[in-house]
Amino acid sequence: MQTKKPWRIGTRAKLLLRGLRYSSLLPYASIDGWLTVDEAIALYELGRALPDDHPRAVEIGSWQGKSTVCIAAGMRDKQQPVLTCIDPFDASGDAASADVYGDRADRLGGPLRRAFEQNLIDAAVREVVEVRQGFSHDQAQHVDGSLDLVFLDGDHGYDAVRQDFLDWGPKVRAGGYLAMHDVVHPVHEGPRRVVEELIANDPRWVEQRYVDSMFVARKASS
Ligand SMILES: C[S@@+](CC[C@H](N)C(=O)[O-])C[C@H]1O[C@@H](n2cnc3c(N)ncnc32)[C@H](O)[C@@H]1O
């Protein structure tokens with residue numbers, strides 16, 4: 001006998017219930033990933049809050065572009081927006097994640113980088129994004145500072161997140177934003193420990209807040 005599935009409101013409906021202005025985020029719902037509706041909206045609003053002229057943002061850990069399309073959609077209508085996305089696109093990651101990434105990548109039936117690019121094209125944000133295929137620590141020396149936004153969602157192991165924060169935190173300009181995913185998480189301890197040990201009590205990081213699992217802070221203006 002068939003059991004009835006409990007009725008659930010879908011991601012698209014949830015987005016639209018937050019306001020019709022989020023309809024530009026609808027493509028995010030069809031992309032594989034781990035971002036809640038409120039996290040998606042928060043990233044979009046961060047993108048929108050960046051300066052109108054030549055805003056520069058960096059995303060560490062893009063996977064198939066779920067968070068990418070949210071940030072990029074927020075930046076899209078500005079002058080010369082650039083969102084630099086850094087990911088090896090080889091499904092590698094911390095011990096707790098690598099098997100999950102590997103299984104999902106196998107089921108994709110094609111390269112991760114291709115899926116990522118296609119998702120950006122479908123969401124009409126490809127022109128906003130500069131892709132740097134590689135690992136965050138290696139790429140850090142090739143990306144100038146004075147960034148308006150850095151979003152950390154790459155390797156979630158403690159040492160890796162700490163290194164990402166040490167590499168990329170100083171590149172956020174005064175008044176710019178830092179966002180970190182999976183800081184409140186039952187498995188990943190790395191992001192939470194880095195926030196607790198290096199950021200939470202540092203007066204240079206102001207306006208600290210959480211959106212679901214995501215931590216957001218702003219670098220003090222002076
Ligand atoms: C949790 S997923 C990112 C999810 C994505 N932000 C989204 O919203 O769908 C983590 C990604 O970071 C990548 N990654 C792992 N180690 C990395 C590193 N050192 N530098 C950059 N990316 C890394 C993984 O291969 C994976 O694609």
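Trainee: What makes up the secondary structure of the protein?
Mentor: In this predicted model, the secondary structure comes to eight helices and seven strands.

Trainee: What makes strand S3 (129-133) and strand S6 (205-211) edge strands?
Mentor: Start with the order of the open sheet, which is S3-S2-S1-S4-S5-S7-S6, with mixed pairing. Strands S3 and S6 each have a single partner strand, so one side of each is left without a neighbour in the sheet.

Trainee: How do you know that strand S1 (residues 56-60) pairs with strand S4 (residues 147-152)?
Mentor: Pairing needs at least two bridges, and four bridges join S1 to S4, which run parallel. In one of the pairs, Ile 60 has Leu 152 in S4 as its bridge partner. Helix H7 (residues 158-168) lies across both S1 and S4, at about 175° to S4.

Trainee: Which residues are closest to the ligand?
Mentor: Gly 33, Gly 61, Lys 66, Ser 67 and Gly 154 are the closest of the 22 residues that surround the ligand. Helix H3 (66-75) and strand S2 (82-87) are the elements that give two or more residues to this shell.

Trainee: How many of the shell residues are nonpolar, polar and charged?
Mentor: The shell has 10 nonpolar, eight polar and four charged residues, with Gly counted as polar.

Technical notes
Residues numbered from 1 in each chain as written. Predicted model: local features only at pLDDT ≥ 70, side-chain atom pairs only at ≥ 80, totals over all residues. Near = placed C-beta within 6 Å. Contact = placed C-beta atoms within 7 Å. Axes fitted to C-alpha atoms, helices over the stretch in contact; angles between N-to-C directions.
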